[in-house]
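Try each task yourself before reading its solution.

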Amino acid sequence: MMRIAERAAVKVRELRDLSPWPRRRESEARPAPQRPESAAVSEADVLAALRPIIDPDFGKSIVDLGFVKSLAIEGGRVSFEIELTTPACPVKAEFEKAAHDRVLALPGVTDVAVRMTANTRGRRAASGAPKAEVLPGVKNVIAVASGKGGVGKSTTALNLALAFQRAGAQVGLMDADVYGPSLSLLTGVTGRPQVLAERRIVPHQGYGLKLMSMAFLVTDQSPVIWRGPMVHGLVRQFLTDVEWGDLDYLVVDMPPGTGDAALTLAQQAPLSGAVIVTTANELSLIDARKGLKMFEKVQVPVLGIVENMAYFTPPDLPDRRYYLFGKGGARRAAEELGVDFLAQVPFDPRIVEGSDAGRPILVDAPESEAARAFSEAAEKVVRKLAVLAAGAPGIADVDITWASS
Ligand SMILES: Nc1ncnc2c1ncn2[C@@H]1O[C@H](COP(=O)(O)OP(=O)(O)OP(=O)(O)O)[C@@H](O)[C@H]1O
Ligand SMILES: [Mg+2]
């Protein structure tokens, strides 16, 4: 005989079986389990997580730009590469962190490995057939020019080159100022370069840069008197006979002014763009305008204007700025000419001392306002070149923007 309690239980079960409602299974009471570990995350999930990361210069997602490469998923471990258009990309660290954090936040992801790589896009002036064979391994050739002498063209060329290099690029610096070569003095690098078979000249190395200058080839005693054809030959030799190898950027300290030597170089070198250095006084600005016109004539884009020796801050009056050549002239000239204003470099006595001692300010005092201004100009230049190389319309605001996910 069943006890009452047992009978009651049977009765309840019978009633439940007769119920018109589907019986609720135990498992349904619990929340549905996560997707099984093996199918934790798909390629599409990862790309969707990365899509809101927008490259500020192109105004497009890094996924749509094709920057995301070698995506591999093993269980919860995700690895991929982000290939930038320049190793000197100023938002590299932000991209890396955002990509890492966004993918790690996906359910099922336990581990994220992001590799940041770069394939520098190059842009070369279109005109002139022989240019194709000149500097085959060099992605971008940047001319640093000024209309007037003594405004800091060589100083700017060297510090821009160093800023590119410090940001992770392979960089060369060619001193094409055959009349007044100054690269030896500015870097402390001297001596005749090694010449290999077939007259291939090996550039010197200094501060991580490949360096070539007329100063390495002439002694202090030998007079530097060049006539037109010799200059042409020399410039061509620097472009064709020097083992520059693979470079992201070759910075060219241009011959002064807009004369023959400068024009020859602007025509012979496959220039990607030009940076004009000026002081803010009208005399210098008039010549800067001439320089700009020269590059326009040979269809080389002017990347912008650097105002050098803009102001002086005495060490004992750190809040003061004395504008040595007048205030705002260079910026106004840039606006009027429709080119970017890249930076305002202050006068810093350490530049004068460092120049004579072969110690560039970017190395000696990287935190100084002058060094930071050179770095700022360099950042704008690499961004502008990347955009030009892609044929994209224009440069976006400096800050990186995130689209809402
Ligand atoms: N921002 C600066 N602050 C202080 N001194 C500077 C600055 N920029 C350049 N100089 C100094 O001015 C002098 C001229 O600079 P630099 O040689 O770079 O000019 P340049 O335009 O190349 O001259 P050149 O026409 O003779 O080739 C150098 O003694 C240099 O150290
Ligand atoms: Mg010079």
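Predicted model: local features only at pLDDT ≥ 70, side-chain atom pairs only at ≥ 80, totals over all residues.

Residues are numbered from 1 along each chain as its sequence is written, chains are lettered from A and ligands numbered from 1 in the order in which they are written, and side-chain values use heavy atoms, with hydrogens and water left out.

**Exercise 1. Work out the strand order of the open sheet and what packs on it.**

Step 1: the open sheet has three strands in the order 3-4-5, with mixed pairing. Strands (E, at least two residues) and helices (H or I, at least four) are DSSP runs numbered from the N terminus, and two strands pair if DSSP finds at least two bridges between them.

Step 2: strand 3 (68–74) and strand 5 (111–118) are the edges, each pairing on one side only.

Step 3: strand 3 and strand 4 (residues 77–84) run antiparallel, joined by five bridges. Lys69 sits opposite Glu81 in strand 4.

Step 4: helix 2 (residues 43–50) packs on the sheet and touches strand 3 and strand 4, where contact means heavy atoms within 4.5 Å. Helix 3 (residues 92–104) also packs on the sheet, touching strand 4 and strand 5.

**Exercise 2. Describe the largest pocket: how much space lies in it, and what lines it?**

Step 1: about 390 Å³ of space lies there. On a 1 Å grid over the protein atoms alone, a pocket is an open set of points with protein on both sides within 12 Å along at least five of seven lines; a cavity is a set where a 1.4 Å probe fits but cannot get out; lining residues have an atom within 4 Å of a point.

Step 2: the pocket's lining counts 22 residues, with Gly152, Thr155, Met309, Ile351 and Ser355 nearest the centre.

Step 3: helix 10 contributes the most to this lining, four residues.

**Exercise 3. Look at the cavities: how many reach 30 Å³ or more, and what lines the largest?**

Step 1: there are four cavities of 30 Å³ or more.

Step 2: the largest cavity holds about 110 Å³ of space. Its lining has 14 residues, of which Asp55, Asp57, Thr85, Cys89 and Pro90 lie nearest the centre.

Step 3: helix 12 (residues 369–390) gives the largest share of that lining, three residues.

Methods
Axes fitted to C-alpha atoms, helices over the stretch in contact; angles between N-to-C directions. Points joined across faces, edges and corners; volume = space filled by probe spheres on them.
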